[in-house]
Amino acid sequence: LREKMGLKRIVVCLKQAVDVSQLKVDSASRQLLVAGAPKKMSDFDKNALEEAIRIREKLGDVEVFTLTVTCEDVKAVLREALAMGADKAYVVSDPSFKDVDTFGTAYVLAEAIRKIGDFSVVLCGETSLDSFCGLVGSRLAELLGLVQLSSVRKLAVEGDAIVAERALEDSVETVRAKMPVLVSVTREINQPRIPSLMMIMKASKKEIVTWAAADLGVQMEKIGSKIEVVEVLAPKTERKRIRIKGENAREIAEKLARALIEEGVVGR
Amino acid sequence: MSEFGGVWVFSEKHDLALEMVGKGREIADKLKTELEAVLIGEGVKEEANELVRYGVDRVYVADDSALKSFQLEAYLGVLHGLAVSRKPEVVLIGSTRNGKPLAARLATRLGVGCVPDCIGLSVDEHGRLIGERITYGGNAVAKIGFKAKPQIATVPARAFEKSEPKDRRGEVVMLDVKVEEPKTVVVEAKPLETSSVRIEDASVIVSCGRGLSKKEDRVLLDELAVLLCGQVGCSRPLAEDRKWFGEWVGLSGHKVKPKLYIACGISGVIQHVAGIRDAKVIVAVNKDESAPIFEVADYGVVGNLYEILPALKEALKKQLG
């Protein structure tokens with residue numbers, strides 16, 4: 001019956017990510033100062049949320065729920081999501097999620113989505129701003145047994161199906177799949193809105209549902225990391241950093257041209 | 001004694017598979033095991049022989065008309081079935097837009113880890129695969145090991161060089177496969193309306209960012225690129241926001257490794273820099289002397305690209321004769 005009714009509920013997976021543009025590096029040790037770095041909604045996920053809201057604006061009578069798995073305080077990100085237009089935010093928060101990898105994250109997301117239930121589309125960002133793994137969407141599709149449309153840069157709902165444009169390396173593919181589906185989107189798909197003050201005020205009345213691992217019956221052995229991070233270091237930069245100066249553009253250009261010829265990177 | 005054995009390579013893009021074979025051979029030799037390839041498609045006999053010439057000991061071939069083009073469920077079914085019966089120690093999968101979901105889902109179905117987009121692969125003293133990948137938006141390189149087998153890693157195009165093909169022998173095993181029904185219908189597939197030359201192949205790239213005021217002004221870059229037998233590229237805002245270009249250079253776009261990369265009016269956000277880190281020489285031209293691009297450039301010019309580029313073209317023309 002639900003298929004005949006078309007799209008009813010969208011669950012958008014949101015990650016709170018390290019704002020990599022503000023990440024500092026200790027140059028002596030090449031260690032990243034992740035602990036003090038500001039965080040924000042992973043921008044690919046923001047595109048996914050924007051797309052869900054646009055679908056609702058077009059079709060009406062669609063619920064947009066967000067879902068976050070975390071061990072941190074994510075209230076600001078959820079408030080932003082609600083201000084953008086999400087109807088309700090779900091968060092599964094547990095200290096035991098501290099070292100989860102992409103498998104554990106997808107497993108908890110899957111359990112939460114099953115509990116939320118009654119969804120037609122799960123929307124994800126293609127990858128995350130900080131770890132840039134791009135695995136969770138696929139793992140989630142596998143765990144939920146969902147048809148998956150990845151690298152989607154354009155999306156339309158046609159009756160009980162999703163029609164999507166996928167950007168591949170050397171072609172653009174238009175694909176159609178019956179709902180329920182999992183869709184992961186690229187940043188090209190849209191330009192996310194910036195919530196107005198009015199929207200922010202309205203959002204303060206919206207509901208945030210918080211679950212702990214136990215509420216979902218999460219099996220701890222399932223969330224044990226399957227990988228081991230051996231080392232994370234800033235890359236060595238061995239650039240010359242030579243400033244070329246001169247009286248005018250011509251003088252600068254002549255010095256630069258000479259340097260490039262000496263480097264052997266121009267000409268035959 | 002581990003029950004797992006063999007290093008596998010798979011990519012639906014044959015060229016990428018060949019690139020992985022060289023690295024795969026090295027890993028297989030270190031682990032004292034065989035290098036195997038999985039080949040899925042229709043009429044792929046010649047590709048199988050080629051994989052052998054490049055260093056594969058055994059090629060598993062799933063040849064079926066229904067496998068002619070990539071289908072996630074069908075390809076996943078073949079790889080998963082084979083992985084369950086053969087128990088490979090390492091699986092390397094080409095990190096394409098189709099290959100990555102394939103790897104992630106294979107890892108999930110097998111209940112193991114996956115390290116995506118490895119730009120380096122090695123074996124540690126315990127015989128464990130270590131994948132090296134760029135993370136935190138290019139701020140760091142992470143080395144990641146696995147806790148279970150198969151150890152699944154994905155490898156982007158151009159991460160490793162193809163080795164030299166040799167006249168050598170290997171085994172080709174034809175698989176008897178049941179093809180799973182596709183769950184998505186490809187309505188249309190259009191080749192990308194980009195230039196036929198790939199920017200990854202360019203030895204010189206003249207690239208522009210937001211410092212370029214008008215789309216038409218790219219002619220300045222075109223002229224220099226033509227002189228240097230190179231190509232023109234851009235940063236993400238010019239492609240995604242202004243739609244002046246179809247694709248861009250950067251972590252989320254094309255990762256390039258030219259001999260010379262000239263960044264004009266590009267501020268140098270970390271995602272862009274991560275895409276050019278393998279360039280031999282980087283030149284930055286920017287009006288803003290505090291632009292981060294200067295930190296990662298070999299030669300920096302604080303100046304207006306509208307003056308510097310034409311002057312550089314003239315100077316190179318003169319000096320190169």
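Predicted model: local features only at pLDDT ≥ 70, side-chain atom pairs only at ≥ 80, totals over all residues.
Residues are numbered from 1 along each chain as its sequence is written, chains are lettered from A and ligands numbered from 1 in the order in which they are written, and side-chain values use heavy atoms, with hydrogens and water left out.

The contact between the chains (heavy atoms within 4.5 Å) takes 77 residues from chain A and 88 residues from chain B. Between them, chain A and chain B bury about 7,000 Å², of which 56% is on carbon and sulfur atoms; buried area here is the accessible area, found with a 1.4 Å probe, that two parts lose on being put together, summed over both. Between the two chains there are 8 salt bridges, a salt bridge being a side-chain nitrogen of Lys or Arg within 4 Å of a carboxyl oxygen of Asp or Glu. One salt bridge joins the side chains of Glu295(B) and Arg241(A), at 2.8 Å from N to O. Polar contacts link 46 residue pairs between chain A and chain B, with both residues at pLDDT 80 or more; such a contact is a pair of N or O atoms within 3.5 Å, where within protein one must be able to donate a hydrogen and the other to accept it, and residues adjacent in sequence count only if both atoms are side-chain atoms.

Several elements of chain A each supply at least two residues of the side that touches chain B, among them helix H5 (136–144), strand E9 (147–158) and helix H7 (249–263); helices (H or I, at least four residues) and strands (E, at least two) are DSSP runs, numbered from the N terminus. H7(A) gives the most to this side of chain A, with 12 residues. By class, the side of chain A that touches chain B has 40 nonpolar, 13 polar and 24 charged residues, where Ala, Val, Leu, Ile, Met, Phe, Trp, Tyr, Cys and Pro count as nonpolar, Asp, Glu, Lys and Arg as charged, and the others, Gly among them, as polar.

One sheet includes strands of both chains. Two strands pair if DSSP finds at least two bridges between them, and 6 strands form an open sheet with parallel pairing in the order E15(A)-E16(B)-E15(B)-E14(B)-E12(B)-E13(B). Its edge strands are E15 of chain A and strand E13 (231–234) of chain B, each of which pairs on one side only. H7(A) packs on this sheet, touching strand E14 (260–264), strand E15 (281–286) and E16 of chain B, and its direction makes about 170° with that of E16(B); axes are lines fitted to C-alpha atoms, for helices over the stretch in contact, and angles run from 0 to 180 degrees between N-to-C directions. E15(A) is joined to strand E16 (residues 299–302) of chain B by 2 bridges, the strands running parallel, and Arg243(A) has Gly300(B) as its bridge partner in E16(B).

Within chain B, an open sheet of 7 strands has the order E5-E9-E4-E1-E2-E3-E10, with parallel pairing. Strand E5 (114–115) and strand E10 (171–174) of chain B stand at the edges, each with a single partner strand, so one side of each is left without a neighbour in the sheet.

Over all chains, the whole structure holds 49 salt bridges. In one of these, the side chains of Glu57(A) and Arg193(A) meet at 2.7 Å, N to O. Because Glu57(A) lies in helix H2 (residues 43–59) and Arg193(A) in the loop between strand E12 (181–185) and helix H6 (197–203) of chain A, the pair ties together parts that are 136 residues apart in sequence.

Most residues other than glycine have a negative phi, and most peptide bonds are trans. The peptide bond from Met179(A) to Pro180(A), however, is cis, with omega near 5°. Asp61(A) has a positive phi, near 50°.
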